[in-house]
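Dear colleague,

Please find below the structure that I am handing over to you, followed by an account of what was found in it.

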Amino acid sequence: MRPEDHKAFMAMANTVARKSNCIRRAVGAVIVSNGQVITSGWNGVPGRHRDCGEAGCPRCVGGGDTGSGYETCICIHAEQSAIADAARQGIITNDCVMYVNLRPCLQCLVIVKASGVRKIFYAGKQWNYSDDIEKVYRTLSDQFDSFSRVAELQGSRVAESLG
């Protein structure tokens, strides 16, 4: 894939992130097959709530570090949302590429791997788990054909912390 393709797909992930209703951060993901976006997703709470704060999300309201506290978060992650949308529409994600404007959490990495996506390109602020968990994370991320931070696309404020 050409560098300008990466830039265009990451720009799409940033655009999708604007649909987020998470009060902490806006994350977007697109899944690409044969050079075409087949589905997208963003983080937040569905339905009748204006945002996750109004819905009462303990993690988003109370704070926490990136990569921790997800067991108390009621927001769906952008990667999960994109995969769920593909499943709802009967779209196959085998051999696809995902672009996401923040490094996926461990649980999203597991779900993305199970979905058949073969490559992940991400942007946004670099963060790491504790050494023990990061070792597991790297073992899993090494199973993708490509798992890369797209450094030249940094500078987007969308994936940065909102609070």
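Two helices, α3 (58–62) and α4 (78–89), each contribute at least two residues to the lining of the largest cavity. Please keep in mind that this is a predicted model. Rolling a probe the size of a water molecule over the atoms shows where empty space is left. The structure contains 3 cavities of 30 Å³ or more, and the largest has a volume of about 210 Å³. Its lining is made up of 17 residues, and those nearest the centre are Arg25, Val27, Asn43, Tyr70 and His77. Sorted by class, this lining comprises 10 nonpolar, 2 polar and 5 charged residues.

Side chains of opposite charge can pair when their charged atoms come close. Arg88 and Asp85 meet in this way, at 3.3 Å from N to O. Both residues lie in helix α4, 3 residues apart, which is about one turn of the helix. Arg88 counts as exposed because its relative accessible area is 62%, whereas Asp85, at 17%, counts as buried.

The total is 7 salt bridges. In another of them, Arg118 and Asp145 bring their closest N and O atoms to 2.6 Å. This pair connects distant parts of the chain, 27 residues apart: Arg118 is in the loop between α5 (106–115) and β4, and Asp145 is in the loop between α6 (131–141) and β5 (146–149). Both are partly exposed, Arg118 at 37% relative accessibility and Asp145 at 47%. Elsewhere, salt bridges with shared partners join Arg50, Asp51 and Glu54 into one network. Asp51 is buried, with a relative accessible area of 14%, while Arg50 is exposed at 60%.

I turn next to the aromatic rings. A pair of aromatic rings is described by the distance of the centres and the angle of the planes. The whole structure has 7 aromatic pairs. One of these is the stacked pair of Tyr99 and Phe121, with 5.3 Å from centre to centre and 25 degrees between the planes. It bridges distant parts of the chain, as Tyr99 belongs to strand β3 (residues 97–100) and Phe121 to strand β4 (residues 119–122), 22 residues apart. Tyr99 is buried, with a relative accessible area of 0%, and Phe121 is buried as well, at 10%.

Tyr129 and Tyr137 form a tilted pair, 5.7 Å centre to centre with 50 degrees between the planes. Tyr129 counts as buried at 13% relative accessibility, and so does Tyr137 at 0%. These two tyrosines belong to a cluster in which ring pairs link Tyr122, Trp127, Tyr129, Tyr137, Phe144 and Phe147. Arg103 lies over Trp127, 4.9 Å from the ring centre, and the charged end of Lys113 sits over the ring of Phe144, 5.3 Å from its centre.

Finally, two points concern the backbone. Most residues other than glycine have a negative phi, and most peptide bonds are trans. Asn34, however, has a positive phi near 50 degrees. Asn34 is placed in the loop between β1 (28–33) and β2 (36–42) and is exposed, with a relative accessible area of 79%. Asp95 likewise has a positive phi, of about 65 degrees, although it is not a glycine. Asp95 lies in the loop between α4 and β3 and counts as exposed at 53% relative accessibility.

With kind regards

Methods
Residues are numbered from 1 along each chain as its sequence is written. This is a predicted model: local features need pLDDT of at least 70, side-chain atom pairs count only at pLDDT 80 or more; totals for chains, interfaces and linings use all residues. Side-chain values use heavy atoms; hydrogens and water are left out. Rings of Phe, Tyr and Trp (its six-membered ring) pair if their centres lie within 6.5 Å; planes under 30 degrees apart count as stacked, over 60 as edge-to-face and the rest as tilted. Helices (H or I, at least four residues) and strands (E, at least two) are DSSP runs, numbered from the N terminus. Buried means under 20% relative accessible area, exposed over 50%, partly exposed in between (1.4 Å probe, protein chains only). A charge sits over a ring if NZ of Lys or CZ of Arg is within 6 Å of the ring centre and within 35 degrees of the ring normal. On a 1 Å grid over the protein atoms alone, a cavity is a set of points where a 1.4 Å probe fits but cannot get out, and a pocket is an open set with protein on both sides within 12 Å along at least five of seven lines; lining residues have an atom within 4 Å of a point. Grid points are joined across faces, edges and corners, and a volume is the space filled by probe spheres set on the points. Ala, Val, Leu, Ile, Met, Phe, Trp, Tyr, Cys and Pro count as nonpolar, Asp, Glu, Lys and Arg as charged, and the others, Gly among them, as polar. A salt bridge is a side-chain nitrogen of Lys or Arg within 4 Å of a carboxyl oxygen of Asp or Glu.
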